[in-house]
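Reader: I'd like to learn how to read charged side chains in a model like this one. Can you walk me through it?

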Amino acid sequence: MRRLLRTAAAAAVALFAATPALADALVDNVDGVALDRDGNEVRFTGIVIAPDGKIIRLLKRGEKRPDRLDWRADMKGRVAIPGMIDAHGHVMSLGFRALELDLAAATTLSAALGRIAAFAAANSQRPWITGGGWNQEVWKLGRFPTAADLDAVIADRPVWLKRADGHAGWANSVAMKAAGITARTVSPAGGRIEKGPNGQPTGVFVDAAMALIEAKLPQPTARDRNAAFVKAQEMLLSQGITATADMGTSIEDWLTFRRMGDLGGLRIRIMAYSGGLEPALLIAGQGPTPWLYGDRLRMGGIKLYTDGALGSRGAWLKAPYADAPGNSGLGFLKDDQLLNMMSRGAMDNFQLAVHAIGDRANQQLLDAIDELSETYKGDRRWRIEHAQIVDPADLPRFGRHGIIASMQPVHEASDWRMAEARLGPGRLGGAYAWQQLIRAGSRLAFGSDYPVENPNPFANWAVALTREDAAGEPFGGWRPQDRVSLIQAWKAFTSDAAYAGFAEDRFGTLAPGQRADFVIVDRDPTMASPRDLRATRVLETWVGGEKVWEAK
């Protein structure tokens, strides 16, 4: 028996000895540019990649290439840059929006109604017509749309369409009837049912009131969720986004990500932030999950809300809206509620990422961080999501306690006219104040808030440099003193976005030990004007040393 065991062991050793070890790989002949940890440009012409998808070294022009390689890819002199990171997005919402009715391109109410009618006709089997992307500010409507507007084109099936920012929904009369909404229905805490002079609901539900309709929606199946994820992942990879924060991950979202990971279909990296406390405690238990699937998935944080959005007048302000006297927005949580929820997450070392748009909401959150930081020490990286309207007196407070301002430059380009109308000229000193926040000592992490906005990081990058929209307006930029430099914006979309998710030791730049996440593009962003930067085309996207998307 011992002789048999020795023979078997020897055979096993011989077998493993005869199996050649995996060699390194080389992505060669690139015009590569990245940033080091100090924000200095690093130029290179080759990337040596280990079998585990990590970078071994960057090669300079003329530097000897390895003799023994598993494979070599010739990029033919094209530009390579680090993969872009979206620090604030909604993965599943992006996919579902793409598969449902998308009204983002509708510039008038009549155009939206035409799209709605056409979609309903083409999808007669759907029990509900769902989608979103509408924006009454773009339509220059001067009011919210109404159920009567929808009833004119669809009166036989319920319709539910989310506003572009996701903080309001538009229902027709059939949907309101299905949800039991009448004039007697009371607006829930943290929400508002829009009502007319006669007290009847008009069809728009803001923030927490949206749940009254959404409770009646048919729930998507696992197949529906898989399809939405695959669509969202393709959209993000095609834009050069190799990693993203998923803000508001539900249990169903997490199960979808895990299914894709188990099947080998998870290509993008996802830093998941639970939608409230419950999913985090059920999924992760007593603390963040480990990194899964080769650093492609982790739940490390919890997403909370303090207020709504500016477009639906749900952002919580210190003084009433200039265009809606008597309305100061919606504060979702009392001070003690916010403290308790943040404390519950912090005690298990979850990172807290809290939505705050209005100046009162930002003040409440800063107060909470000041108090909690006395108890919860160490590297917490408290995240304030959006930080769009901040009282100038509160700006210096962002430099305390390692606060990260997670912001979306493209919101400024979309919102500047609306912000002037909502606030008036005297209350804009801390509006979308990127440069002021950097000077205060905060670290910026940039994203797009997709599907609220297009996830294109190059258009977003151009906005950060100019504070102009796609049409070049306003000329010279809106409040141009808060523009950021090319390098500041680039860091906010790469290494600082990774830092914001406790991932900087894994990905976020191109350097030895980092995952080989990079993008092949048609121009050098460091040499491009803002207009040209906005037009950048992604040619290939690589994650972990593997090509995961290519332009056709």
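This is a predicted model: local features need pLDDT of at least 70, side-chain atom pairs count only at pLDDT 80 or more; totals for chains, interfaces and linings use all residues.

Reader: Which side chain does E137 meet in a salt bridge?

Author: Here's the general idea: side chains of opposite charge can pair when their charged atoms come close. In this case E137 meets R422, at 2.6 Å from N to O. R422 sits in helix α12 (residues 409-423) and E137 in the loop between β8 (129-134) and α4 (147-151), so the pair ties together parts 285 residues apart in sequence.

Reader: Is R422 buried or exposed?

Author: Buried, because its relative accessible area is 1%, and the cut-off for buried is under 20%.

Reader: What does R417 pair with?

Author: R417 and D469 meet in a salt bridge at 3.8 Å, N to O. D469 is in the loop between α14 (457-466) and α15 (486-492), while R417 is in helix α12, so this pair links parts 52 residues apart in sequence. D469 is buried at 13%, whereas R417 is partly exposed at 43%.

Reader: How many salt bridges are there by this rule?

Author: The count comes to 35. Some join up: K318, D367, D370, D391, D394, R397 and R400 are linked in a network.

Reader: Which residues gather in a patch of negative charge on the surface?

Author: Those are D335, D336, E371 and E374. D336 belongs to helix α10 (residues 335-346) and is partly exposed, with a relative accessible area of 47%.

Key. Residues are numbered from 1 along each chain as its sequence is written. Side-chain values use heavy atoms; hydrogens and water are left out. Patches are made of residues with over 30% relative accessible area and no salt bridge: like charges are joined within 9 Å, nonpolar side chains (Val, Leu, Ile, Met, Phe, Trp, Tyr) within 5 Å. Accessible areas come from the Shrake-Rupley method with a 1.4 Å probe; for residues, only the protein chains shown count as cover. A salt bridge is a side-chain nitrogen of Lys or Arg within 4 Å of a carboxyl oxygen of Asp or Glu. Lys and Arg count as positive and Asp and Glu as negative; His and the chain ends are not counted. The place of a charge is taken as NZ of Lys, CZ of Arg, CG of Asp or CD of Glu. Helices (H or I, at least four residues) and strands (E, at least two) are DSSP runs, numbered from the N terminus. Buried means under 20% relative accessible area, exposed over 50%, partly exposed in between (1.4 Å probe, protein chains only).
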